[in-house]
Amino acid sequence: MRIVVALGGNALLMRGERADASVQLHHVEAAARALAPLAAEHELVVCHGNGPQIGLLALESEADPSLTRPYPLDTLGAETQGMIGYWLAESLRNAGVRKPVLAVITQTVVDAADPAFDAPTKFIGPVYERAQADRLAEQYGWTTAADGPHWRRVVPSPEPVRLVEQESIEQLVAGGTVVVCAGGGGAPVVDNGQLRGVEAVVDKDLTSAGLAIALKADRLVLLTDVPAVMTDYGMPDAEPLRHLDLEELEHLTFPAGSMGPKIEACRRFVQATGSVAAIGALTDAEALVRGDAGTSISQKPVT
């Protein structure tokens, strides 16, 4: 099969963990071990999030007194693609992947008139207590929002229109290369005859869904830090939802800044291709592809 896998940024840096390189590399190595069997049996495209990582770089850039102005988010997004892409490519090889592995710095075209620029929803960076988040928002001019019991910075997240490098990615996959791409949703650019980066972070799940549709993938697998889509997430009576179909999704709502984009990405992929999408834990990657773990999303009810 041809499989597009999207690794959540929070799966590479757990909530509350120090953002040390050694901590993140440890998680990347675990991700590579989980993905290596898929690479051996299938055509594999690996996308990844960058919420914690780009937030850290943005915070460092904001606080750097040697800069006239902070680095823009599109540039920091490209920087995280290089860092995480390097870690993944190296770790996949070390995990036994014998196919060529290539990390591609990817640009994602967005619409300059997208209303998301006026309504930030994408979480980036570490979690804070409310008072600390308010202080940082005032200091740096951020917008912050509640993320579960904590608070985080939010930035605009416009809709992905297309990947500039899409044709090259397709050729690489068809030639047997494991491709790491669309990191952090891709560096956001507008195309007015000339490409120009913009201040935003594109949702990597929506970008991954668009890429999976374009590549005619057989599976879209979203790997995160929870074992499945849950009812009443964070509550004592939370229960995993093992199977969902498109009709059921119409009657369910999910948080816009976290599970909501994952559900929407799966919906788009399933509706466009008729194939199955899955959401679940990184450690269950193989089982998710088989439908034995996490949440599977299909066009019609499972019989």
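Q: Which residue takes a positive phi in the hairpin of S6 and S7?
A: Gly 148, with phi near 65 degrees. The hairpin has 2 residues between the strands. Strands here are DSSP runs of E, at least two residues long, and helices are runs of H or I, at least four, both numbered from the N terminus.

Q: Before we go on, what kind of model is this?
A: A predicted model: local features need pLDDT of at least 70, side-chain atom pairs count only at pLDDT 80 or more, and totals for chains, interfaces and linings use all residues. Residues are numbered from 1 along each chain as its sequence is written, and side-chain values use heavy atoms, with hydrogens and water left out.

Q: What stands opposite Trp 151?
A: Ala 146. Trp 151 also has a charge over its ring: the charged end of Arg 130 sits 4.0 Å from the ring centre. The test is NZ of Lys or CZ of Arg within 6 Å of the ring centre and within 35 degrees of the ring normal.

Q: And Arg 152, buried or exposed?
A: Arg 152 is buried, with a relative accessible area of 4%. Buried means under 20%, exposed over 50%, and partly exposed in between, using a 1.4 Å probe and protein chains only. Arg 152 lies in strand S7.

Q: Which side chain does Arg 152 join in a polar contact?
A: That of Asp 147, at 3.1 Å. A polar contact is a pair of N or O atoms within 3.5 Å; within protein, one must be able to donate a hydrogen and the other to accept it, and residues adjacent in sequence count only if both atoms are side-chain atoms.

Q: New topic. What is the strand order in the open sheet of 4 strands?
A: S8-S4-S10-S11, with mixed pairing. S8 (162-163) and S11 (195-197) stand at the edges with a single partner strand each, so one side of each has no neighbour in the sheet.

Q: How do S4 and S10 pair?
A: In the parallel sense, over 3 bridges. S4 is residues 107-109 and S10 is residues 187-191. Gln 107 stands opposite Ala 187 in S10.

Q: What about S16, how many of its residues are buried?
A: 5 of its 6 residues, 276-281. S12 (residues 219-224) runs parallel to S16, joined by 6 bridges. Thr 224 stands opposite Ala 281 there. S17 (residues 295-298) runs antiparallel to S16, with 3 bridges. In S17, Ser 296 is the bridge partner of Ala 278.

Q: Now helix H7. What caps its N-terminal end?
A: Asp 203. A side-chain oxygen lies 3.0 Å from the backbone nitrogen of Asp 205. H7 spans residues 204-214 and is mostly covered, with 8 of its 11 residues buried. Among them are Leu 206, Ala 209 and Leu 211.

Q: What follows H7?
A: Lys 216, whose phi is positive, near 55 degrees.

Q: Whole chain, then. How many helices and strands?
A: 10 helices and 17 strands. Buried residues make up 50% of the 303 residues.

Q: What box do the C-alpha atoms fill?
A: Roughly 55 × 45 × 40 Å, along the principal axes.

Notes: Pairing = 2+ DSSP bridges.
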